[in-house]
Amino acid sequence: MNDVASLPPLGAFAACGIELEYMIVDRDTLGVLPVADRLLQRAAGAATPVDEVARGRFAWSNELVLHLVEVKNARPDADVAQLAAGFQAEVGAIDRLLADFDARLMPTATHPWMDPAHELHLWPHQHADIYMSYHHIFDCRQHGWANLQSVHVNLPFADDAEFVRLHAALRLLLPLLPALAASSPVADGERKPVLDFRMACYCQHPRRVPALIGQVVPDDTAGRADYEARVLAPMYHDIAPFDPDGVLRHEWLNTRGVMPRFDRNALEVRVIDVQECPQADLAIAAITVAAARALYEERWSPLAAQRAMDTGALFHLLQGTIHDADRHVIDDAAYLGLFGMAAGPCEAGALWRHLLDACGDDPALSPIAADTLQFILDRGPLARRIVAALGGRIDRVRLQAMYRRLCDCLAAGELFAGAAS
């Protein structure tokens, strides 16, 4: 978030930062269109390319590739429930500018037919050395680098004690998030064997330097000094032979699914696929905040029990929700007990229903957010709705029609029900 490092640290759950990533596509063909630099320059009214455009409460910025733009609230906001309308207005403003380039925004977490080996265009302007370093080390011409759009949820902490408690809560929630948020069942023009293909790729993409990601789900931590010693220091050590100039020697090099940003006293959740419209994105962010707050407050289980949960077991659960989303069966009685659930087994969707009921009075959950979450739980995550609407046969014509409908949902701020009307 902008300028947060210069502000006094916020306490846990005092505010929230949201970042939404969208693809820029050709208006007619829906192929990826690498014009993010031209969009941002036009929006800023600048003579040369810029990497960020300030728009009051919101901001637009670049990412690794030129066909992607990020929209975010410029400062942490205390009212998560009211952010959706603002994000929707920003989407509309971007689409109006993109009309001059015969382009529009496309939602979901992967482009359905992009060929990253041949369509990669890295951001060539500000901080290009960072992107070129990533490309040199990891080869970004692949899914998980060139073709991914996600939601980042940033939650603050004021001190070490809050960091430990918040980290423990988010670590437990992380494996459940694809059950609600999976939106990437299609890539390379075909139905993938998982519902969250973005996350399946994300789990693999820094494999040349495994210390960057660990098991995706982070290990428990005793505090900042412990984290720096057991996570950041080994990560910097292992990247050094590939990055002799230290271009990447920053905490954002960490690619775990929940990662601390000590530079702004926040924890960033990175495993949520972007949805069909901000209403859905913000609803998922809201239940993430609400459930994390309940864990943080030890409503269902003590902090010691939360911290004791095995990382390998959490990673196994994450793999299950990446594959089957809401229908993955959770049979780990210890895990379910941390949320006040009976021994089980139960599907991940049923656990989310329990969390929605239990957290219904949380201030992050507006009536619209609660209704949206009920819609997702009743009809399945966006990935499942996409698969059902596509049917058994997938070709470019059907994909174009499907993803044009999703683009229309984004433009109109509407949820995608599935079957065509």
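**Backbone and helix packing**

Modeller: D188 has a relative accessibility of 40%, so D188 counts as partly exposed. Keep in mind that this is a predicted model.

Biologist: Where does D188 lie?

Modeller: D188 sits in the loop between β7 (186-187) and β8 (190-191).

Biologist: And what is phi of D188 near?

Modeller: Phi of D188 is near 55 degrees, which is positive, and the residue is not glycine. Most residues other than glycine have a negative phi.

Biologist: Next one, H127. Where is H127 found?

Modeller: In the loop between α3 (116-119) and α4 (128-138). H127 is also a residue other than glycine with a positive phi, near 60 degrees.

Biologist: Does H127 count as buried, exposed or partly exposed, and why?

Modeller: H127 counts as partly exposed because its relative accessibility is 47%.

Biologist: Changing topic to the helices. At roughly what angle do the axes of α2 and α9 cross?

Modeller: At roughly 145 degrees, with the axes of α2 (residues 83-98) and α9 (residues 278-296) coming within 8 Å. The crossing is right-handed.

Biologist: Which residues make the contact?

Modeller: From α2, the contact uses L83, A84, F87, Q88 and V91. From α9, the residues are P278, Q279 and L282.

Biologist: How do those divide into nonpolar, polar and charged?

Modeller: Six residues of the α2 contact with α9 are nonpolar and two are polar, with no charged ones.

Technical notes: Residues are numbered from 1 along each chain as its sequence is written. This is a predicted model: local features need pLDDT of at least 70, side-chain atom pairs count only at pLDDT 80 or more; totals for chains, interfaces and linings use all residues. Side-chain values use heavy atoms; hydrogens and water are left out. Axes are lines fitted to C-alpha atoms, for helices over the stretch in contact, and angles run from 0 to 180 degrees between N-to-C directions. Helices (H or I, at least four residues) and strands (E, at least two) are DSSP runs, numbered from the N terminus. A crossing is left-handed if the near helix is turned anticlockwise from the far one by less than a right angle, and right-handed if clockwise. Contact means heavy atoms within 4.5 Å. Ala, Val, Leu, Ile, Met, Phe, Trp, Tyr, Cys and Pro count as nonpolar, Asp, Glu, Lys and Arg as charged, and the others, Gly among them, as polar. Buried means under 20% relative accessible area, exposed over 50%, partly exposed in between (1.4 Å probe, protein chains only).
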